[in-house]
Amino acid sequence: MALSIQSLLILFTTLLLKETLVVAETCSNCFTHSRAAYYPNSDEQGTDVGACGFGSFGATINGGDVSAVSDLYRNGVGCGACYQVRCTNSNYCSDKGVTVVITDQGSSHDTDFILSQQAFGRMAQIKDAAASLLALGVVDIEYRRVSCSYPNKNITIKIDENSNYPHYFAFVLWYQQGDKDITAVQLCETQNFVCKLLDRSHGAIWTTNSPPSGPLSLRMLLSGEDGDESWIIPVNNIPENWKGGETYDTGVQINV
């Protein structure tokens, strides 16, 4: 029996919807087109005064393959995220590109990325092509979010040097693997497990003017682009007599 026009329309709409859903499911791996520049007055690595608040760690993390971003900074939520960035000029650029960690905020010439000089050169096919690429200064690129990977490293707490025990507590988190954002942090007393939600003062720095007393435990909320959320709780506590400038291994890491 021949299908009616209405039935054909329903069938066509169903097939089109399925195709759209397949595209949406795979588009987390899609590249976005943009432009990139590099820090013109820096050494090959990044800057130790980046807006994320990582300090000298922000210049050397990932071997110095780091970047400032404009909209992807997301009021600091984007700090520590990793992106694959590759330029599109086939004369100079490789298909692999470079993976960078976000440590700063900035834009130049309508760019989404300002790479460290080293990372910018790594987009090239060979060393000679890197020199030609750097001479261009600004190039067309495509990028996508990828998982960060820090083999043999746990998420680490770096207490900010401006912290003042026991009145003011500020810190950043280093070596977070995966492709999710830390969108909330709680600081908890280990004895009665009373928790306090911390403030993101700027970049990746979390603060409180009245930290709980005694040894402390963290709870970190991981949020994905798909809306999935989960809490991660470190194995190791922050000691009661914490000090500014010190680092503490949480004992946990995110599997990738």
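Start by selecting Cys 82 and Cys 148: the torsion about their S-S bond is about 115 degrees, so this disulfide is right-handed. Keep in mind as you go that you are looking at a predicted model. The two sulfur atoms sit 2.0 Å apart. Cys 82 belongs to strand β3 (residues 82-87), while Cys 148 lies in the loop between β6 (139-146) and β7 (156-159), so the link ties together parts that are 66 residues apart in sequence. Check the surface around the pair, and you'll find both Cys 82 and Cys 148 buried.

**Next stop: the other disulfides**

How many disulfides does the structure hold? There are four. If you number the bonded cysteines of the protein chain in sequence order, the pairing reads 1-2, 3-6, 4-5, 7-8.

Now pick Cys 87 and Cys 93, which are joined with an S to S distance of 1.9 Å. Look down the S-S bond here: at -115 degrees, this link is left-handed. Cys 87 and Cys 93 are both buried.

With a relative accessible area of 34%, Cys 30 is partly exposed.

Is β6 largely enclosed or left open by the rest of the structure? Six of its eight residues are buried, so β6 is largely enclosed.

Bring in β3, which runs antiparallel to β6 and is joined to it by six bridges. For a landmark, find Gln 84, whose bridge partner in β6 is Arg 144.

**Into the core**

Switch to side chains and select Tyr 83, Val 85, Phe 113, Met 123 and Ile 141. Among the 43 residues of the largest nonpolar core, these five touch the most other members. Zoom in on Met 123 and display its contacts. Leaving out residues up to four places away in sequence, its neighbours include Val 85, Tyr 92, Leu 115, Leu 133, Val 139 and Ile 141.

In general, nonpolar side chains of soluble globular proteins tend to be buried together.

**Last stop: an open sheet**

Now show β9, β10, β13 and β14. These four strands make an open sheet with antiparallel pairing, in the order β10-β9-β13-β14. Which strands stand at the edges? They are β10 (195-197) and β14 (229-232), each with a single partner strand, so one side of each has no neighbour in the sheet. Neighbouring strands of this sheet are turned by 25 degrees against each other on average, ignoring direction.

Focus on β9 (residues 181-189) and β10, an antiparallel pair joined by three bridges. Cys 188 stands opposite Cys 195 in β10, and their sulfur atoms, 2.0 Å apart, form a disulfide. At 105 degrees about the S-S bond, this link is right-handed. Color by accessibility to finish: Cys 188, at 0% relative accessibility, counts as buried, whereas Cys 195, at 30%, counts as partly exposed.

Notes: Residues numbered from 1 in each chain as written. Predicted model: local features only at pLDDT ≥ 70, side-chain atom pairs only at ≥ 80, totals over all residues. Heavy atoms only, no water. Core = buried A, V, L, I, M, F, W, Y, C linked by side-chain atoms within 4.5 Å. Buried < 20%, exposed > 50% of the residue type's maximum accessible area, 1.4 Å probe, protein only. Contact = heavy atoms within 4.5 Å. Disulfide = S-S within 2.5 Å. Helix = DSSP H or I, 4+ residues; strand = E, 2+ residues; numbered from the N terminus. Pairing = 2+ DSSP bridges. Axes fitted to C-alpha atoms, helices over the stretch in contact; angles between N-to-C directions.
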